[in-house]
Amino acid sequence: MAFLVMSCNNSKENKEQNNSEASMNDTENPLLAESTLPYFAPNFKLLKNEHFKPAIVAGIEQQKAAVEEIANNPEDPTFENTVLALEKSGEQLNRALQVFNALGSANTNDTIQALDEEMAPRLAAQKDAIYLNEKLFQRFKTLYEKRQSLDLDSESLKLLENYYEDFEIAGANLSAEDKEQLKKYNAQLATLTTKFGKTLLAANNDGAVTFTEKEQLSGVSEDVLQSRKNEKGEGWTIPLQNTTQQPLLASMDNRDSRQKLFESAWYRADGGDHDTRGIVKEIVELRAKKAQLLGFNNYAEWSLQKTMAKNPANVNKFFSGLIPAATAKAQSEAGEIQKMIASKGGDFTLEPWDWNYYAEMVRKAKYDLDENQIKPYFEMYTVLEKGVFYAAEKLYGITFKERKDIPVYHEDMRVYELFEENGDALGLFYVDYFARPSKRGGAWMSNFVTQSKLYNKKPVIYNVCNFPKPSEGKPALLTYDEVETMFHEFGHALHGFFADQEYPSLSGTAVARDFVEFPSQFNENWALYPEVLKNYAVHYKTGEPIPQELIDKIKKSGTFNQGYSLTENLASSNLDMQWHTISADKDIEDVNGFEKEALHKTHLDVVHAVPPRYRSTYFAHIFSGGYAAGYYSYLWTEMLHHDAYNWFENHGGLTRENGQRFRDMILSRGNTQDLEKMYKKWRGSDPKIEPMLKARGLK
Ligand SMILES: [Zn+2]
């Protein structure tokens, strides 16, 4: 049994893992029953590592049995015995997974990691057992075809449609023969995407560049040099980051060294021992065939069905609106950098490996922002309580009260209870802000308990960040980026708190990828709103408000290098869309040639010194991550949030009335409406790109 050989430092845990599945003393496992705490909050006081496996296994078994029962029900399908029954089948499993996933990301250990690996294939198989279950699908199909005569309320109708579409997307509507073919494609794709990830990892490792003379690394800080020293003491090795541009290029004085590091990044996985070109070709061709089997012209058409953008044509139209402004600005930035090169005595044409080095000089001259000057005005809990919470109170009328009686999984956490304007309870909010080794990088929001009227549940939500923990007795002071992150994650939280759905699978943040980052990015706008800023940005020692001069610097620094950054992003977003709009009969002869042509025909190669953020050969988001035909989402939600904020600016800004309208028409709607129509109804028009261009300083 595999799990017995997993490394585990705690012998007691090893012994308990040895128990056969789901045979724990169930009465003590807090995940096997509904929590008795307020808001059904997880009882971390009772929770132990050994509780996860039996609870997850029990959840899988329970759902399996429920699905079989629905599929084999001799009665004719009804909304209740089929749609609602399937919706309810995952309750136990979700309860266990919500807590398990939270700890797996924010407070993991060997036991959780081993269990995660063990459970991943079983959970994937569970999904197939539902969506490729022929009898179950036929029941949904019967209901779907007569959906208008079922007399369903709009949310129940949406639930039926949503499940039906998921069945369809998974291929449930195919003939038995085609289903077998689809399974083969899926299995091949799973193997290929894993292979891409592994090959890229090896190529990344191989691409690390070693410098033997200190002069080659002139300009790099002593700290970095120290940490990059070879074990044998024979030089310094610089590992590659995922992106084309490498952070150290901004400080390396030696032009040859810059070129060497850049080219190592640029040519990784393009030839040599760890070549991904063949894998890229196979993946895109297989995806095109899969889409064709499912009845679509190309993969993007298939995968964009449930998004706000809806189809590749809309995405491409969005790109073409941005490309001229982005490249024009990048062109002028290139001119400025070329001048900087000349002023430093350089006599050469700007190349991609020079960009960040000279852009850094331009930044220092024109946009310099000294974090150490700013941080004393951003004490972490002051930012949270007097900034993030304050803005939410002004907009939505909600209030916050700390609760010290709710159990947490780590002592660094705080818990707040949220109330409506009229005093009604709204939900529980946990913050877990400090970095530690047991936490993965980044910042995120999720639910311990999802809002649903079906189960009479209010949301229990958490935000996790990775702010550096100060030493004992010192305040936690944030950079402006971190302040924005806090507002961002709370924007997701608001989307979850204001959820007002009957069904958990349509609740709150369960929306398409090109919409889910909209409420969070939108909430960032309030960080610099004068009334909010005035309330929270005060010196932690003196109580003095942040000087206007610093605010201006923060604002200005936001427009630095935006031509470059938008162009490099568009280049990769565009590559993603072009790879996924090829038809099934297309034979890719040359991956690099395709890439070159893709950039050329969209005019994304006009500024020679601005390469794509990721080249195809190392574009993990789309070839091993979950972003195939979805990388555009980052820019799409950026458009939405600036456009939305523009509406607020034109209607009086931070007011209760504006907030309520946004809550009623957007934040409370979860996934119950067509996202495009929902947005348009609130905004009064389709989203426009102009506010985004203006915010980036491109207009
Ligand atoms: Zn986010």
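Is the crossing of α11 and α15 left-handed or right-handed? The crossing is right-handed; a crossing counts as right-handed if the near helix is turned clockwise from the far one by less than a right angle, and as left-handed if anticlockwise. The model is predicted, with local features needing pLDDT of at least 70 and side-chain atom pairs pLDDT 80 or more, while totals for chains, interfaces and linings use all residues. Residues are numbered from 1 along each chain as its sequence is written, and side-chain values use heavy atoms, without hydrogens and water.

**View A. Packing of helices α11 and α15.** Helix α11 (residues 255-266) packs on helix α15 (residues 352-366) at about 120°, with the axes 8 Å apart. Helices are DSSP runs of H or I with at least four residues, and strands are runs of E with at least two. Axes are lines fitted to C-alpha atoms, for helices over the stretch in contact, and angles run from 0 to 180 degrees between N-to-C directions. The pair is therefore oblique, the class left after under 35 degrees (roughly parallel), over 145 (roughly antiparallel) and 65 to 115 (roughly perpendicular).

**View B. Residues between α11 and α15.** Arg255, Arg258, Gln259, Phe262 and Glu263 of α11 contact (heavy atoms within 4.5 Å) Pro352, Trp353, Asp354, Tyr357 and Tyr358 of α15.

**View C. The five-stranded open sheet.** The strand order is β3-β4-β5-β7-β6, with mixed pairing; strands pair if DSSP finds at least two bridges between them. β3 (399-402) and β6 (444-449) are the edge strands. β6 pairs with β7 (residues 460-467) in the antiparallel sense over five bridges.
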